[in-house]
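Here are my notes for a first look through this model. Have it open beside you and take the points in order.

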Amino acid sequence: MPLIECPKCHWQPNLHTHWTCDCGHHFPSFQTHGRCPKCAKVWRTTRCKICFQTSPYHEWIHDDQPLPLRNILGIDWDWDQPRE
C-alpha cells in the first residue's frame, strides 16, 4: 500500500479522510484517485487539512515498495526463466 502524506508538512490522512468538491459532495479523495463520484470532476491538486497548502495530487502518493531492478532497467523478461 502506498504512503499518502502532504508533501509540505508530512501529515498522513487515512483512506477515509474526506475532502469537499465544488459540487458540495464529500468524498475520500485518495480512494477515488482525486475524482468526485458525484460530478466526476478530477482534482489535480489536494489541499492539506493541517497546513492548508495545496500540492499536486501525485506528490501526495509515495510508493513504499521499491521498484524491481528489471522495471528500472526496462527489461521485459523474467530473471527466473531460462534464456534461449
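1. By class, six nonpolar, five polar and two charged residues make up the lining of the largest pocket. In that tally Ala, Val, Leu, Ile, Met, Phe, Trp, Tyr, Cys and Pro count as nonpolar, Asp, Glu, Lys and Arg as charged, and the others, Gly among them, as polar. The volume of the largest pocket is about 190 Å³. Of its 13 lining residues, Trp19, Thr20, Trp43, Thr46 and Arg47 are the closest to the centre. E2 and E4 are the elements that give two or more residues to this lining, and E4 gives the most, with three. For the terms: on a 1 Å grid over the protein atoms alone, a pocket is an open set of points where a 1.4 Å probe fits, with protein on both sides within 12 Å along at least five of seven lines, and lining residues have an atom within 4 Å of a point. A volume is the space filled by probe spheres set on the points, which are joined across faces, edges and corners.

2. A word on what you're looking at: this is a predicted model, where local features need pLDDT of at least 70, side-chain atom pairs count only at pLDDT 80 or more, and totals for chains, interfaces and linings use all residues. Residues are numbered from 1 along each chain as its sequence is written, and side-chain values use heavy atoms, with hydrogens and water left out.

3. Now the overall layout. The protein chain has one helix and six strands, in the order β-β-β-β-β-β-α along the sequence. Both are DSSP runs numbered from the N terminus, helices (H or I) of at least four residues and strands (E) of at least two. Of the chain's 84 residues, 21% count as buried (under 20% relative accessible area; exposed is over 50%, partly exposed in between; 1.4 Å probe, protein chains only).

4. Have a look at serine 55, in strand E5 (residues 54–56). Is serine 55 buried or exposed? Serine 55 counts as buried because its relative accessibility is 0%. Its side chain makes a polar contact of 3.1 Å with that of lysine 8; such a contact is a pair of N or O atoms within 3.5 Å, where within protein one must be able to donate a hydrogen and the other to accept it, and residues adjacent in sequence count only if both atoms are side-chain atoms. Beyond neighbours within four places in sequence, serine 55 is in contact (heavy atoms within 4.5 Å) with residues including Pro7, Arg44 and Trp60.

5. Cysteine 39 sits in the loop between E3 and E4 and is partly exposed at 39% relative accessible area. Not counting residues up to four places away in sequence, cysteine 39 touches Cys21 and Cys23.

6. Two backbone spots deserve a check. Most residues other than glycine have a negative phi. Histidine 10, however, has a positive phi near 70°, and alanine 40 has one near 75°. Histidine 10 is in the loop between strand E1 (3–4) and strand E2 (19–20), while alanine 40 is in the loop between strand E3 (26–27) and strand E4 (45–47).
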